Amino acid sequence: MAASYIQEEHEIFRQSLRKFLEKEAYPNYDKWEEDRIIPRDFWYKMGEQGFLCPDIEEKYGGSSVDWGFSVVINEELERVGSGMVGIGLHNDIVVPYITAYGTDEQKERWLPKCAAGEIITAIAMTEPGAGSDLAGIRTTARLEGDHYIVNGEKTFITNGIHSDLIIIACKTNPNAVPRHKGVSLLAVERETKGFTRGRKLNKVGLHCQDTAELIFEDCKVPKENLIGEEGKGFLYLMEKLQQERLVVAIAAQVAAEEMLNLTMNYVKNREAFGRPVSQFQNTQFKIAEMATDIEMGRSFLDQLITEHMAGKDVVTKVSMAKWKLTENARNIAAECMQLHGGYGYMEEYEIARRYRDIPVASIYAGTNEIMKTIIAKNMGL
């Protein structure tokens with residue numbers, strides 16, 4: 001049964017997106033994994049078809065549709081492969097900072113190009129010395145005349161190579177008490193003097209996702225590139241992390257569903273001791289357990305998406321979904337690989353890639369340990 005937020009127009013949209021991906025993504029995905037990058041050309045094609053930033057206003061190049069369309073995009077991209085996460089990050093994690101906190105001038109300057117695929121965005125929070133402790137970032141931005149002078153380093157940045165516009169979390173007041181009140185958000189454009197990219201990082205999985213280090217050395221950022229108000233960056237991040245974590249939960253759920261499908265097909269066709277592997281009780285029990293976990297995850301997730309779209313504060317539940325569904329997917333990856341036997345360890349079988357790609361979902365967008373800390377705090381512990 002379709003979720004309550006999915007209407008007929010969402011399903012029509014899903015069919016056209018799927019058709020597009022069957023032509024443009026599925027046949028090329030292995031090559032992108034080998035090349036360790038998705039070509040920019042694919043972003044332009046996504047933009048042309050209206051698959052980038054569909055929820056932004058029509059006057060800025062979007063379609064002014066509800067967030068259900070973004071959910072469909074995230075689900076269908078994950079079906080292709082987890083390395084597509086940079087597109088969901090652009091649509092549903094970075095661009096919303098501009099739509100929510102940007103000035104009219106900033107929106108006019110950037111949003112139409114974001115929707116067309118001409119501007120690829122990234123968000124830079126993590127540093128070599130600060131991950132979960134976001135208030136502990138060391139990148140500084142000092143206002144001098146009409147520019148902020150930015151110094152610092154960022155790492156593990158999704159879309160780090162392709163990005164043309166990067167929203168960075170930095171300290172405009174390093175002496176603020178409490179520390180988080182000194183954090184601001186600045187948008188840094190590709191050709192900005194003093195901004196360079198470090199190496200493209202070599203990850204265990206998500207091979208076609210370009211992830212990089214970013215370096216700012218006396219980087220001059222025009223003061224009109226401040227997003228929202230100075231000193232409110234931490235607050236903005238907290239407001240937007242609900243959707244970011246929901247996007248990760250959606251991807252993990254779809255990955256789990258895909259892995260179960262792959263494994264169902266495999267065990268029905270693979271024979272051992274004169275009969276299909278699917279006929280052994282152990283296989284049946286494992287499949288039944290995974291199917292149950294997936295079904296429960298899907299029900300919880302769909303309910304959450306509906307509440308999020310209604311504008312409700314569901315931070316606690318989203319934190320629950322983020323840790324539980326990513327852990328679920330990791331466990332399912334291991335079980336599914338085991339049911340594939342030796343072939344599951346071969347790169348030509350999709351389960352091998354899925355197994356490599358899934359662990360990071362428990363780490364990024366706030367580690368699962370941080371999720372549990374949030375839940376406990378919100379329960380009054």
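## Basis

Residues are numbered from 1 along each chain as its sequence is written, and side-chain values use heavy atoms, with hydrogens and water left out. Because the model is predicted, local features need pLDDT of at least 70 and side-chain atom pairs count only at pLDDT 80 or more, while totals for chains, interfaces and linings use all residues.

## Helix H8

Helices here are DSSP runs (H or I, at least four residues), numbered from the N terminus; strands are runs of E of at least two residues. H8 covers residues 281-309, 29 residues in all. From first C-alpha to last, H8 reaches 42 Å, close to the 42 Å expected at 1.5 Å a residue; the expected span is 1.5 Å times one less than the number of residues. Just after H8, Gly311 takes a positive phi of about 80 degrees.

Buried means under 20% relative accessible area, exposed over 50%, and partly exposed in between (1.4 Å probe, protein chains only). Among the buried residues of H8 are Ile287, Met290, Ile294, Leu301 and Ile305, and also Arg298, Asp302, Glu307 and His308. The buried residues of H8 pack against helix H4 (68-80), helix H7 (233-269) and helix H9 (315-340).

## Arg298

Arg298 lies in helix H8 and counts as buried because its relative accessibility is 14%. Leaving aside neighbours within four places in sequence, Arg298 is in contact (heavy atoms within 4.5 Å) with Tyr5, Glu75, Gln253, Val254 and Glu257. Val360 is 62 residues from Arg298 along the chain, and their C-alpha atoms are separated by 20 Å.

## Surface patch

Tyr343, Tyr345 and Met346 make a nonpolar surface patch of about 350 Å². Patches are made of residues with over 30% relative accessible area and no salt bridge; nonpolar side chains (Val, Leu, Ile, Met, Phe, Trp, Tyr) are joined within 5 Å, like charges within 9 Å. A salt bridge is a side-chain nitrogen of Lys or Arg within 4 Å of a carboxyl oxygen of Asp or Glu. Accessible areas come from the Shrake-Rupley method with a 1.4 Å probe, and for residues only the protein chains shown count as cover.

Met346 lies in the loop between H9 and helix H10 (350-357). Met346 counts as partly exposed because its relative accessibility is 36%.

## Cysteines

With a disulfide taken as a pair of cysteine sulfur atoms within 2.5 Å, the count comes to zero disulfides. Cys114 is in no disulfide, and the nearest cysteine sulfur, that of Cys53, is 5.6 Å away. Cys114 is buried, with a relative accessible area of 0%.

Cys219 is also in no disulfide; the nearest cysteine sulfur belongs to Cys170, 9.9 Å away. Cys219 counts as buried, at 0% relative accessibility.
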